[in-house]
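Please read this briefing alongside the sequence and the structure. The points are grouped by topic.

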Amino acid sequence: MPLWGVQVTADRIDFEWPSQSMIDQMEADVTLSCMTLKSMPNSISSVHLVLSNGWKSPLFERAGFQQEMEQTIEFDFDHPVKAVEASVRKLNDANQFIKRLRFLDERENEVAESYDPY
C-alpha cells in the first residue's frame with residue numbers, strides 16, 4: 001500500500017505489524033478487517049489491527065498517556081483500500097504527529113470511515 005509523508009529514521013517508528021516474515025506466510029487474499037485507534041491530546045496514540053485471517057496485532061499504545069476518542073474502523077473486502085492519507089500536526093521542528101487518517105481507493109475516494117478525533 002503506498003504511504004507518503006515525512007521520511008523518518010527507523011528509531012522513530014513506534015510499531016510495525018505484521019512483520020515481513022508473517023507476510024511471507026500469508027495467503028494472497030488476506031486483508032485488513034478492522035483497526036481500532038485511540039488518541040491523546042496531540043496525536044494518535046493507540047493502534048490495534050485485525051486481519052481477515054483472524055490474526056490480531058498486539059496493542060500498540062503509548063504508556064503513561066490518557067487514551068481518548070476510541071474508534072474502530074471496519075474495512076469492506078469489496079472496496080479495498082489502495083492508499084492511506086495522513087494529516088500531520090507539527091508542534092515544532094522535532095515533533096510532528098499523525099492526527100487524522102483517511103482510507104482511499106484508486107480514485108482517491110474514501111472507502112472507509114476516517115479517523116479524526118479533532
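Along the sequence, the elements of this predicted model come in the order α-β-β-β-β-β-β. That makes one helix and six strands in the protein.

**Burial, contacts and surface**
- The protein has 118 residues, and 32% of them count as buried.
- Taking contacts between residues at least 6 apart in sequence, 50% join residues at least 24 apart.
- The accessible surface of the protein is about 8100 Å², and carbon and sulfur atoms account for 49% of that area.

**The aromatic pair**
- One aromatic pair turns up when the whole structure is searched.
- The pair is formed by Phe-75 and Phe-103, with ring centres 5.0 Å apart and planes at 80°.
- The pair counts as edge-to-face because the angle of 80° is over the cut-off of 60 degrees.
- Phe-75 sits in the loop between β4 (68-74) and β5 (83-92), while Phe-103 belongs to strand β6, so the pair ties together parts 28 residues apart in sequence.
- Are Phe-75 and Phe-103 buried or exposed? Both residues are buried.

**Arg-107**
- Arg-107 is found in the segment that follows β6 (95-104).
- The relative accessible area of Arg-107 is 68%, and Arg-107 is called exposed because the cut-off for that word is over 50%.
- How far apart in space are Arg-107 and Lys-82, C-alpha to C-alpha? The distance is 8.9 Å, although 25 residues separate Arg-107 and Lys-82 in sequence.

How values were computed
Residues numbered from 1 in each chain as written. Predicted model: local features only at pLDDT ≥ 70, side-chain atom pairs only at ≥ 80, totals over all residues. Heavy atoms only, no water. Helix = DSSP H or I, 4+ residues; strand = E, 2+ residues; numbered from the N terminus. Buried < 20%, exposed > 50% of the residue type's maximum accessible area, 1.4 Å probe, protein only. Contact = heavy atoms within 4.5 Å. Areas by Shrake-Rupley, 256 points an atom, 1.4 Å probe, with all protein chains shown as cover. Phe/Tyr/Trp six-rings, centres within 6.5 Å; stacked < 30°, edge-to-face > 60°.
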